[in-house]
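Colleague: Could you walk me through this one? I am new to reading structures, so please take it slowly.

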Amino acid sequence: MENSAILNEDQQDCLQELINIAYGSGTAAISEILDAFATLSIPRINIIETRYLQDYLQSQVKVGMPQFLATQLINGKFSSENLFIIDQNSAENLARAFGLEETEIQDVNELSDVILEITNILSSSTISKFAQEMSIEVSFSPPHVKLLNSIEEMDSTFIDKYHQVIIISTILQFENQNIRGELLILTTDDTIEFIKKLLDKILDEL
Amino acid sequence: MKILVADDSKMARRMIIKILEDCQEIGHEIIQAQNGQETIDLYKEHAPTLVFLDLTMPVMDGFTALKLIRQHDSNAKVVVVSADIQQGSMSQVREDGAMDFVKKPISEAKMQQILEKIK
């Protein structure tokens, strides 16, 4: 379950730095939309095997609370799938921050649309910046979103084709309201091997 | 001026329309599309002066829609608005005839600049 089983210390440190920069690009875009009142914590990055994902989510995500789950496929050499998970309270706070009326916030379709766009901006900005840093090209499929009654309801069958998860966890603070979201990047062994080679190349050049 | 705003997210379209409203000196007619195919259909029907086009959309993506719009009208003015900030994506849409590439979210200053350019 430890990162060290997948990446060595230098690779982990290099990846952490690249993702920090890349995620900064995504969160900057969200901050711009929310104006200057939003602050985003430095992301906590971890890599785990997908078989531990449910345990991780049970420990991190509010169990028993409805969750929006958005997914977006990343195509190219960095073939992966992004998952953005946000609880319904946070989603409602986010929608308020975006200026939606209370009647709109009670509409699941309106809330889903907000999550769809947030996922698109966070995921596309982060991954395209990351790809730029790694000198690779990727393309994006449109994101999909659904509301689960609880994280235990997540159909994990689609996760089986992946082997590792890069977890980027952050908390967005907006006018004393915490909005917590988890961005997860599901990757295959091939993708991790590809990243390792690129990380080693970057480290060699330093 | 007729302006076509194409994005699969209603919120993204609302953000662009809000900035357009904040910038406009005279009223614009806004048309909205939710995917690339709808963008082409509405472009042919309304012949808008300006198109704001997202790249990641269902049914047909923005890259393909841009090519088809420019095939239909080589003078079409299309501004791509995307969170995909890769150099390759920017170069491709410029090669395919996009007037500009704007990183999401579009700012009021950038919108003013675009509107000035097409006046």
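**Reading the two chains**

Modeller: Happy to! Starting at the N terminus, the elements of chain A follow the order α-β-β-α-β-β-α-α-α-β-β-β-β-α. Please keep in mind that this is a predicted model.

Colleague: How many helices and strands does chain A have?

Modeller: You can read the tally from the order of elements, which runs α-β-β-α-β-β-α-α-α-β-β-β-β-α. In chain A, that comes to six helices and eight strands.

Colleague: Let's turn to chain B. In what order do the five strands of its open sheet lie?

Modeller: Start at the edges: β2(B) and β5(B) each have a single partner strand, so one side of each is left without a neighbour in the sheet. Inside the sheet, β1(B) is joined to β3(B) by four bridges, and the two run parallel. Put together, the pairing is parallel and the order in chain B is β2-β1-β3-β4-β5.

Colleague: Which strands of chain B does helix α2 lie across?

Modeller: Helix α2(B) spans residues 36–46 and runs at about 170 degrees to β1(B). The strands of chain B that α2 lies across are β1, β2 and β3.

Colleague: Why is α5(A) called roughly perpendicular to α1(B)?

Modeller: The axes of these two helices are 7 Å apart. Angles of 65 to 115 degrees count as roughly perpendicular. So α5(A) is roughly perpendicular to α1(B), as they pack at an angle of about 80 degrees.

Colleague: Which residues of α1(B) are met there by Asp113(A), Val114(A) and Glu117(A)?

Modeller: The residues of this helix contact divide into three nonpolar, no polar and three charged. Those in α1(B) are Lys10(B), Met11(B) and Ala12(B).

Colleague: Last one: which element gives the largest share of the largest nonpolar core?

Modeller: That core has 84 residues, and those with the most contacts inside it are Ile115(A), Val51(B) and Leu53(B). The largest share, 10 residues, comes from α5(A).

Definitions and conventions. Residues numbered from 1 in each chain as written. Chains lettered and ligands numbered in written order. Predicted model: local features only at pLDDT ≥ 70, side-chain atom pairs only at ≥ 80, totals over all residues. Axes fitted to C-alpha atoms, helices over the stretch in contact; angles between N-to-C directions. Parallel < 35°, antiparallel > 145°, perpendicular 65-115°, else oblique. Contact = placed C-beta atoms within 7 Å. Nonpolar A, V, L, I, M, F, W, Y, C, P; charged D, E, K, R; others polar. Core = buried A, V, L, I, M, F, W, Y, C linked by C-beta atoms within 7 Å. Buried ≥ 20, exposed ≤ 12 C-beta atoms within 10 Å, placed from the backbone. Pairing = 2+ DSSP bridges.
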